[in-house]
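Please read it with the model open beside you.

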Amino acid sequence: MKKFIEYVMWPVVIGLIAAVSVMFALPKINGTQLSQNSQIAEQTDFVQTSGPASYSYAVKTAAPSVVNIYARKLSQKRRYPFIDDPLFRHYFNNANHLMQRRLQSALGSGVIVNDDGYILTNNHVIDDAIEIVILVHDGREALAEVIGRDPETDLAVLKVDLPNLTPATLGSPANASIGDVVLAIGNPFGVGQTVTQGIISATGRYGLDLSNYENYLQTDAAINPGNSGGALVDVNGALLGINTAILDDNDPSVGISFAIPSDQAMQVMRNIVENGRVIRGWLGIEAQPLNPNIAKSMGLSSNGVVVISVYKNGPAHVAGLKPGDIITHIDDLPVGNGRDSMNQIAAKKPNEEVVVDLIRNGRHFKLSALLAEKPVISS
């Protein structure tokens, strides 16, 4: 019996020792014991607190500032479907046949930007419109007046005479980072105000041939026809951009769309309100980026642009710039690929002076040019 008890007790004692050993062998963080379950719980808490679980606050903040736009436009089409048929043309003289005029409605969105009723939208939304109706978030409707348009950025400024409007809170697109969560608010396909969610996919996007001055925020938030002119906002509901374009009109769901940064849009609006149009500085050259290999062979620390042509009697021509000159700096700022310098010059006013650093035949020069107003491009 004694031996039986010994045989039974020893496994129990060994088991207790093993249990105590496991207890003291648990992982330690900062000198404290932590169980595996506690580690998992801590990781879970981190995931839960890394971002808001809901963006309803952002929507409640931004949605009242976004309006639906219904732009009525006249379109013309030939009255008879067979008017180009050779047999039809043989028997009927239709050279001066009247065109059939039809009234169409184009859909879009806009953003209220101040208490005075000014609204930012895209130029292509209201271009050629004979009447523009605004539907506010609270259900009110009003006719809008076109204050001005800027085809070069695809922006337009409207104004409505309504009380108690809710202007957007302006955000800081310059501080937007790739990966930031954003919301797009607009009126896709005319179904009514809709919110979609995505991230900032890229910043400073250009070279898309969408407008002359490109500096887009790229996002994968779903943008569809009718979203144009609507708001791109951050997680606090602050306005980051005006939704403008998608990559392919034939496939709106590719997840690549573009917004004009709100600070650039507001600068255009102020210019239009003050002057009736956007007044930009103009140097009067056409240039293209310098090949990086050529720049390296010339010992340049940064790229530049090669002057292709100089407008006769323009600021550059008067200052002495010539085709073939390589511009490296403007006002001591590197030219790079030329995109930033183009925006830099456009942001200045006519009669402002700029200093141009250039290389001509291997020699370095500095020239001063007095900017003129950029010629207006008709749309």
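The points below go from the whole chain to single residues.

1. Basis of the note. This is a predicted model, in which local features need pLDDT of at least 70 and side-chain atom pairs count only at pLDDT 80 or more, whereas totals for chains, interfaces and linings use all residues. Residues are numbered from 1 along each chain as its sequence is written, and side-chain values use heavy atoms, with hydrogens and water left out.

2. The whole protein. There are 9 helices and 23 strands, taken as DSSP runs numbered from the N terminus (helices H or I of at least four residues, strands E of at least two). Of the 379 residues, 39% are buried, where buried means under 20% relative accessible area, exposed means over 50% and partly exposed lies in between, with a 1.4 Å probe and protein chains only. The protein exposes about 21800 Å², of which carbon and sulfur atoms supply 53%, by the Shrake-Rupley method with a 1.4 Å probe. Among contacts between residues at least 6 apart in sequence, 60% join residues at least 24 apart; a contact means heavy atoms within 4.5 Å.

3. Aromatic pairs. A search of the whole structure finds 2 aromatic pairs, the criterion being ring centres of Phe, Tyr or Trp (its six-membered ring) within 6.5 Å, with planes under 30 degrees apart called stacked, over 60 edge-to-face and the rest tilted. Tyr216 and Phe258 form a tilted pair, at 5.9 Å centre to centre and with 50° between the planes. This pair links distant parts of the chain, since Tyr216 belongs to strand β12 (residues 216-219) and Phe258 to strand β15 (residues 257-261), 42 residues apart. Tyr216 counts as buried because its relative accessibility is 2%, and Phe258 is likewise buried, with a relative accessible area of 3%.

4. Arg360 and its surroundings. Arg360 is in strand β21 (residues 353-360) and, with a relative accessible area of 19%, is buried. The charged end of Arg360 sits over the ring of Phe365, 5.4 Å from its centre; the test asks for NZ of Lys or CZ of Arg within 6 Å of the ring centre and within 35 degrees of the ring normal. A polar atom of the Arg360 side chain lies 2.9 Å from the backbone oxygen of Gly320. Not counting residues up to four places away in sequence, Arg360 touches Gly320, Leu321, Lys322, Asp325, Phe365 and Leu367. Elsewhere, the charged end of Lys159 sits over the ring of Tyr118, 5.6 Å from its centre.

5. Strands β17 (residues 285-289) and β18 (residues 305-310) run antiparallel and are joined by 5 bridges, at least two DSSP bridges being required for a pair. Ala287 has Val307 in β18 as its bridge partner. β18 also pairs with β19 in the antiparallel sense, over 2 bridges, and Val305 stands opposite Ile327 in β19. In helix α9 (residues 339-346) the buried residues are Ser341, Gln344, Ile345 and Ala346, and they pack against β16 (281-282), β19 (326-330) and β20 (333-334).

6. A loop residue. Is Ala168 buried or exposed? Ala168 lies in the loop between β9 (155-159) and β10 (181-186), and at 17% relative accessibility it counts as buried. The C-alpha atoms of Ala168 and Ala62 are separated by 6.3 Å, although the two residues are 106 apart along the chain. Leaving aside neighbours within four places in sequence, Ala168 is in contact with Ser65, Val111, Ile112, Val113 and Leu239.

Terms used. Polar contact = N/O pair within 3.5 Å; in protein donor to acceptor, adjacent residues only side chain to side chain.
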